[in-house]
Amino acid sequence: MREVAARFAYREGFALATLNLDHLVKLAKSCTFAKAYAAQDLICADGNPIVWLARMAGRKLSLMPGSDLVIPLAELAAERAVSVALIGSTDEALAAAAQDLSTKVPGLRIVYTKAPPMGFDPEGLAAETILKELNASGAQLCFLALGAPKQEMLAARGRSLAPETGFASIGAGLDFLAGSQTRAPNWMRKLALEWVWRMLSSPRRLVPRYAQCIAILPGQILAARRQR
């Protein structure tokens with residue numbers, strides 16, 4: 001948070017990504033995604049496996065899922081009189097998320113919201129238009145809820161088209177606030193079982209994804225031990 005606060009103070013933008021095993025799978029397969037990740041200024045551990053792998057490599061990390069970043073970042077924005085933008089999800093979810101944020105964080109100024117259409121291309125003309133609108137709004141903090149790799153790609157592009165804006169890629173964070181998705185109970189999160197909750201909520205989509213994540217773990221463990 002200190003780095004984010006400093007960037008707010010000097011009106012310096014940033015791109016913040018939240019790394020998890022699914023991202024590692026995508027990074028190995030996509031040069032475009034890898035390039036977008038290389039443009040991120042700040043990266044948090046969004047998943048216990050990332051924390052555990054870091055410890056195996058002799059590095060200490062704290063777990064900070066993207067969804068848990070939303071309120072602290074919004075509170076910091078309100079404290080520093082920084083205006084906020086919301087991009088992603090649907091118009092209805094963004095309206096509900098904006099209402100929830102405004103209730104939980106008094107003084108928060110949300111100046112721009114945008115729900116891109118289905119098939120949105122973060123490298124296309126529509127993305128350029130959105131980033132120019134965002135830049136004109138004066139928002140210094142933008143929550144991106146587009147899912148990987150679109151949100152990280154849009155953030156990377158935004159570093160040049162909206163250079164004073166800080167982009168935080170938070171996945172389903174806004175949908176949780178809006179109530180359009182339900183997050184795992186606290187006890188499951190404490191037991192590192194949130195992934196089970198998510199998988200059961202959408203098995204057709206997430207079972208193959210998590211199978212790929214499990215498949216890369218042995219190689220990641222070996223790589224972490226080599227780095228130690």
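1. Start with the partner of A15. In this predicted model, A15 is bridged to F167 in strand β6. The pairing belongs to strand β1, residues 14–19, and strand β6, residues 166–169. These two strands run parallel and are joined by 3 bridges. Look also at L16, which stands opposite A168 in β6.

2. Now turn to the β5 side of β6. Strands β5 and β6 pair over 4 bridges, again in the parallel sense. Here L141 stands opposite G166 of β6. As background, strands of a sheet pair through backbone hydrogen bonds, either parallel or antiparallel.

3. Step back to the whole sheet. It is open and has 6 strands with parallel pairing. Reading across, the order is β2-β1-β6-β5-β3-β4. Strands β2 (42–45) and β4 (110–114) stand at the edges. Each has a single partner strand, so one side of each lacks a neighbour in the sheet. On average, neighbouring strands are turned by 15° against each other, with direction ignored.

4. Two helices on the sheet deserve a look. Helix α5, residues 66–79, packs on the sheet and touches β1, β2, β3 (84–88), β5 (141–145) and β6. The direction of α5 makes about 160° with that of β5. Helix α8 lies across β1, β3, β5 and β6. The angle between α8 and β6 is about 175°.

5. Are the residues on the two faces of β6 buried or exposed? They are buried, and both faces of the strand are covered. G166 and A168 lie on one side. F167 and S169 lie on the other.

6. Next comes the contact of α1 with α5. Two packed helices are described by the angle between their axes and the distance between the axes. For helix α1 (residues 2–9) and α5, the angle is about 35° and the axes are 11 Å apart. Their crossing is right-handed. From α1, the residues V4, A5 and F8 meet L73, L76 and A77 of α5. Sorted by class, this contact has 6 nonpolar residues, no polar ones and no charged ones.

7. V4 sits in helix α1. V4 is buried, because its relative accessible area is 4% and the cut-off for buried is under 20%. Leaving out residues up to four places away in sequence, V4 touches F14, L42, L73 and L76. Take F14 as one of these. V4 and F14 are 10 residues apart in sequence, yet their C-alpha atoms are 8.0 Å apart in space.

8. Compare the contact of α7 with α8. Helix α7 covers residues 125–137 and helix α8 covers residues 150–161. They pack at about 55°, with axes 10 Å apart. That angle makes α7 oblique to α8. The crossing is right-handed. A127, E128, L131 and N135 of α7 meet L154, R157, G158 and L161 of α8. By class, the residues of this contact are 4 nonpolar, 2 polar and 2 charged.

9. Finally, check the backbone in the loops. Most residues other than glycine have a negative phi, and most peptide bonds are trans. Which bond is cis here? The peptide bond from A148 to P149 is cis, with omega near 5°. P149 lies in the loop between β5 and α8.

10. Two residues have a positive phi without being glycine. A81 has phi near 55° and is placed in the loop between α5 and β3. A81 counts as exposed, because its relative accessibility is 63% and the cut-off for exposed is over 50%. S89 also has phi near 55°. S89 is in the loop between β3 and α6 (91–104). With 23% relative accessibility, S89 counts as partly exposed.

Notes. Residues are numbered from 1 along each chain as its sequence is written. This is a predicted model: local features need pLDDT of at least 70, side-chain atom pairs count only at pLDDT 80 or more; totals for chains, interfaces and linings use all residues. Side-chain values use heavy atoms; hydrogens and water are left out. Axes are lines fitted to C-alpha atoms, for helices over the stretch in contact, and angles run from 0 to 180 degrees between N-to-C directions. Angles under 35 degrees count as roughly parallel, over 145 as roughly antiparallel, 65 to 115 as roughly perpendicular and the rest as oblique. A crossing is left-handed if the near helix is turned anticlockwise from the far one by less than a right angle, and right-handed if clockwise. Contact means heavy atoms within 4.5 Å. Ala, Val, Leu, Ile, Met, Phe, Trp, Tyr, Cys and Pro count as nonpolar, Asp, Glu, Lys and Arg as charged, and the others, Gly among them, as polar. Two strands pair if DSSP finds at least two bridges between them. Buried means under 20% relative accessible area, exposed over 50%, partly exposed in between (1.4 Å probe, protein chains only).
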